[in-house]
Amino acid sequence: VCTWPTPRPSGPARWPSPGCEARGPPRGPPGSSVAPSPSRRSSSSFRSGWTRGDPTAVERANLLNMAKLSIKGLIESALSFGRTLDSDYPPLQQFFVVMEHCLKHGLKVRKSFLSYNKTIWGPLELVEKLYPEAEEIGASVRDLPGLKTPLGRARAWLRLALMQKKMADYLRCLIIQRDLLSEFYEYHALMMEEEGAVIVGLLVGLNVIDANLCVKGEDLDSQVGVIDFSMYLKNEEDIGNKERNVQIAAILDQKNYVEELNRQLNSTVSSLHSRVDSLEKSNTKLIEELAIAKNNIIKLQEENHQLRSENKLILMKTQQHLEVTKVDVETELQTYKHSRQGLDEMYNEARRQLRDESQLRQEVENELAVQVSMKHEIELAMKLLEKDIHEKQDTLIGLRQQLEEVKAINIEMYQKLQGSEDGLKEKSEIIAQLEEKTNKITAAMRQLEQRLQQAEKAQMEAEDEDKKYLQECQSKSDNLQKQISQKEKQLVQLETDLKIEKEWRQTLQEDLQKEKDALSHLRNETQQIISLKKEFLNIQDENQQLKKIYHEQEQALQELGNKLNKEATHCKLCEKEFSLSKRKHHCRNCGEIFCNACSDNELPLPSSPKPVRVCDSCHALLIQRCSSNLP
């Protein structure tokens, strides 16, 4: 940065800022007078405490104007360039030089053991304490192996802050803390005055720019911070060439963008093809599984119908068997009643005979009293038997009701029912035994009639028979109780079988519901496949349209290349004239025309995967980019 104060007569002009070089004052085109810029005029409104003779105020004003020019030129060129900026971009390099001079202005000299130290790395280190997010930048700058001086670290810090788009925020935090800055800067320094706040406000506009800077490969320690004013002087020819270069760069960018978009669309189309194939395969598999499930459901329904028909047949057979057994029991009861009437008549006759003989023998009367008591006991036993028969009838009625409720019994239940039939047969056998015993009782009564004549002998025999009869009745009652308990156990087993059948039905219903859900899911997937097919057709149409646009742009590029061939007469690098021996060659990266010696390089580009012809400058630039992108 340089200042232009009024020259003194004693000697040449002094430059107040050390380490600053100038290539001359800014000159306009020939025939034009240099007028003060409006930015310099506007800066006078907030410079309250300086006079025209104060050199530090002049330095601050010049630095502010240079910062405005560099930031404005960088934003305009970056927007017209339309790409991410590299470290070789000249306006960006000039911006870093201007920022370095702005930060160096008014620095205090610090004494060390060996020499005097004056660097901008000290105040930039403060940003880590004031802004916690800046710790990452400081750590990464310290970890860089190639940086040995504090100035190199400060330059790397500025580049990383620009890539993060937070340079304005970091410097704003630094400017607010003037007490901390006073340790590093003089009171008249640019960072301590209002000009520093204006520069920080201008830095906010740099958030529009995308920069991709390689800090590792650059030699930041030994760079010379010289401001080049020539890039800010514009001629009409330069403007025309720049506009032409901008147009060519825009066309090439559009071509590269269309090619990349075409590749992406081809990849999406191939992925959609594979996805459609996989969906079709899964759809066929699901259809096969659905057909198998339907066949299984049909088989289960047929088995269920067969089981129901078998259960109905079993119920009919059991009902018929129960009716037959009921008729048999009724006939047995009638025969029992007839036998009882006959016994009553015989008893009455015996009683008459006893009354007739009572007068003859009192002892026989006593024996007859004993016989009467025996008869009462026999009647009680008969009543007990009648109660047991009624209870059996009640149990039979309950069994019938339960059998009516049971409508879905398996083949296993048929075997259990056969066991119940065996029990009924046993009961019929027991009833037959009871009939035999009643016959024995009638025989015993006849024996009593015969033994009445021989009372003494008959008494002893009757007592023995009574004892035997009581034992038999007790054994019969015990057998009946055991049979009742067995029937109850059979009933419990039948109830458990019924519960199992109900659970099996519930599982069948759940399986049917799951199959229905699977069917609905398959339908949804088929609808998704149809929608995907529609999207695929739309993408194919878009792909065809993009191909048409690509062909049109290629034709435009060919026409533009033909025009350039006609206009170009000299090589752009070596500036040698083209002839029959020196032929024209196009650079596939920048589009300019070169001779064979200046474009004898081949590299793959984003527009073509195969290696194509590239000029020497583009070759060096592309190799540098590749090396910077490598880890």
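A crossing of two helices is left-handed if the near helix is turned anticlockwise from the far one by less than a right angle. The legends below refer to a predicted model.

**View 1. Helices H4 and H6 cross each other at roughly 50°.**
Helix H4 covers residues 121-130, and helix H6 covers residues 150-164. Their axes come within 9 Å. Angles from 65 to 115 degrees would count as roughly perpendicular, and angles under 35 as roughly parallel. H4 and H6 are therefore oblique to each other. Their crossing is left-handed.

**View 2. Arg60 and Glu195 form a salt bridge.**
Side chains of opposite charge can pair when their charged atoms come close. Here the N to O distance is 3.6 Å. Arg60 sits in helix H2 (residues 55-81), and Glu195 sits in helix H9 (residues 194-203). The pair therefore ties together parts that are 135 residues apart in sequence. The structure holds nine salt bridges.

**View 3. Residues 276-310 form a span that is 100% helix.**
Strand makes up 0% of this span. The C-alpha atoms at its ends lie 50 Å apart. UniProt, in an unreviewed entry, lists residues 276-310 as "coiled-coil region".

Definitions and conventions
Residues numbered from 1 in each chain as written. Predicted model: local features only at pLDDT ≥ 70, side-chain atom pairs only at ≥ 80, totals over all residues. Heavy atoms only, no water. UniProt positions renumbered as here; feature names shortened; annotations may be inferred. Helix = DSSP H or I, 4+ residues; strand = E, 2+ residues; numbered from the N terminus. Axes fitted to C-alpha atoms, helices over the stretch in contact; angles between N-to-C directions. Parallel < 35°, antiparallel > 145°, perpendicular 65-115°, else oblique. Salt bridge = Lys/Arg side-chain N within 4 Å of Asp/Glu carboxyl O.
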